[in-house]
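Here are my notes on the model. Please read them with the structure open.

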Amino acid sequence: RAHRRLALKWHPDKVADPSDEVAVCVATQQFQLLQAAYEVLSDEAKRRQYDSQQSWRVPRTPATSEDAPPWKRQRGASASATAEPRSSAS
């Protein structure tokens, strides 16, 4: 059911505005990915091969904040150390 629903959603002929080349291109790419996934999942041998190639381990977390990706780094620690204090001129 999920494949059929997604196939109807992403079929290139079902794009709301067929003159929009970007929307048609995106729909075509999504539909091709969906079909490739269905081909693997529907064939028992291909599914076993896919499952054996995948590692289901949780990725290790970086040891230091410098090694972490920018969205996981803590804010304030390095920024507050380098910022100059404001003087209160009254």
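1. Confidence first. The mean pLDDT of the protein chain is 75, and 60% of its residues reach 70 or more. Here pLDDT is the predictor's confidence in each residue, from 0 to 100. Where pLDDT is low, the predicted coordinates should not be read in detail.

2. Ground rules. This is a predicted model, in which local features need pLDDT of at least 70 and side-chain atom pairs count only at pLDDT 80 or more, while totals for chains, interfaces and linings use all residues. Numbering starts from 1 along each chain as its sequence is written, and side-chain values use heavy atoms, leaving out hydrogens and water.

3. Layout. The protein chain has four helices and zero strands. Its pattern along the sequence is α-α-α-α. Helices (H or I, at least four residues) and strands (E, at least two) are DSSP runs, numbered from the N terminus.

4. Surface. The protein chain exposes about 8,500 Å². Carbon and sulfur atoms supply 52% of that area. Areas come from the Shrake-Rupley method with a 1.4 Å probe; for residues, only the protein chains shown count as cover. Of the 90 residues, 7% are buried. Buried means under 20% relative accessible area, exposed over 50%, partly exposed in between (1.4 Å probe, protein chains only).

5. Helix α2. Which residues of α2 are buried? They are Ala27, Phe31 and Leu34. What covers them includes α1 (2-10), where contact means heavy atoms within 4.5 Å. On the other side of α2, Glu21, Val22, Gln32 and Leu33 are exposed.

6. Salt bridge. The count is one. Lys46 pairs with Glu39, their closest N and O atoms being 2.8 Å apart. The rule asks for a side-chain nitrogen of Lys or Arg within 4 Å of a carboxyl oxygen of Asp or Glu. Lys46 is partly exposed at 31% relative accessibility, and Glu39 is partly exposed at 46%.
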